Amino acid sequence: MPLILFQRDDCHLCDLALDVLANARIPDFESVFIDDDDTLEARYGIRVPVLHRSDTGAELDWPFDAGALDAFLQR
C-alpha cells in the first residue's frame, strides 16, 4: 500500500514519527515536506506529522505508536 508521511523540516514530532515507522519496519513510504507548498501547508500545517494511505485516503495524525500504526495499516 502506498504511504506518504507529510512532515516539516526541523520537526521534532516528525522525527519521532519516523522512529515509530522505522521500529515497526515500515519499508516503503514517501516523505513529503509541506513547508514550501501552500496547499499542503493549509491542509496539514498544524497536524504534521500525518501518515496518509494513498489506496484508501485514510490518515493517521500524530501522536501514534506501534499499536495505532498496526491498526491503521490493517484497515
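Trainee: Where is I26 found?
Mentor: Bear in mind that this is a predicted model, where local features need pLDDT of at least 70, side-chain atom pairs count only at pLDDT 80 or more, and totals for chains, interfaces and linings use all residues. Residues are numbered from 1 along each chain as its sequence is written, and side-chain values use heavy atoms, with hydrogens and water left out. Helices (H or I, at least four residues) and strands (E, at least two) are DSSP runs numbered from the N terminus. On that basis, I26 falls in the loop between α1 and β2 (30-33).

Trainee: Is I26 buried or exposed?
Mentor: Buried means under 20% relative accessible area, exposed means over 50%, and partly exposed is in between (1.4 Å probe, protein chains only). I26 has 17% relative accessibility, so the label is buried.

Trainee: How far apart in space are I26 and G45?
Mentor: Along the sequence, I26 and G45 are separated by 19 residues. Go from C-alpha to C-alpha and the distance in space is 24 Å.

Trainee: What is the phi of D10 near?
Mentor: D10 sits in the loop between β1 and α1, and at 86% relative accessibility it counts as exposed. D10 is another non-glycine residue with a positive phi, near 50°.

Trainee: Which residues form the negative surface patch?
Mentor: Patch members have over 30% relative accessible area and no salt bridge; like charges are joined within 9 Å, and nonpolar side chains (Val, Leu, Ile, Met, Phe, Trp, Tyr) within 5 Å. Areas come from Shrake-Rupley with a 1.4 Å probe, and for residues only the protein chains shown count as cover. Asp and Glu count as negative, Lys and Arg as positive, while His and the chain ends are not counted; a charge is placed at NZ of Lys, CZ of Arg, CG of Asp or CD of Glu. The patch is formed by D9, D10, D15, D19, D36 and D38.

Trainee: What is the relative accessible area of D9?
Mentor: D9 is found in the loop between β1 (3-7) and α1 (12-23). It counts as partly exposed, because its relative accessible area is 47%.

Trainee: How many salt bridges does the count come to?
Mentor: A salt bridge needs a side-chain nitrogen of Lys or Arg within 4 Å of a carboxyl oxygen of Asp or Glu. With that rule, the count is six.

Trainee: Which residue meets R8 in a salt bridge?
Mentor: The N to O distance for this pair is 2.5 Å, with E41 as the partner of R8. R8 lies in the loop between β1 and α1 and E41 in helix α2, so the pair ties together parts 33 residues apart in sequence. At 28% relative accessibility, the partner counts as partly exposed, and that partner is E41.

Trainee: Which residues do the salt bridges that share partners join into one network?
Mentor: E59 pairs with R47, the closest N and O atoms being 2.9 Å apart; E59 lies in strand β4 and R47 in the loop between α2 and β3, so this ties together parts 12 residues apart in sequence. R47 also forms a salt bridge with D61, at 2.8 Å between the closest N and O atoms, linking that loop to strand β4 over 14 residues. Shared partners make one network of R43, R47, E59 and D61.

Trainee: Which side chain does a polar contact join to that of H52?
Mentor: H52 is found in strand β3 (residues 50-53) and counts as buried at 13% relative accessibility. A polar contact is a pair of N or O atoms within 3.5 Å; within protein, one must be able to donate a hydrogen and the other to accept it, and residues adjacent in sequence count only if both atoms are side-chain atoms. At 3.0 Å, the side chain joined to H52 is that of E59.

Trainee: What is the omega of the cis peptide bond from W62 to P63 near?
Mentor: Most peptide bonds are trans. The bond from V48 to P49 is cis, with omega near 0°. P63 is in the loop between β4 (59-61) and α3 (66-74), and the cis bond from W62 to P63 has omega near 10°.
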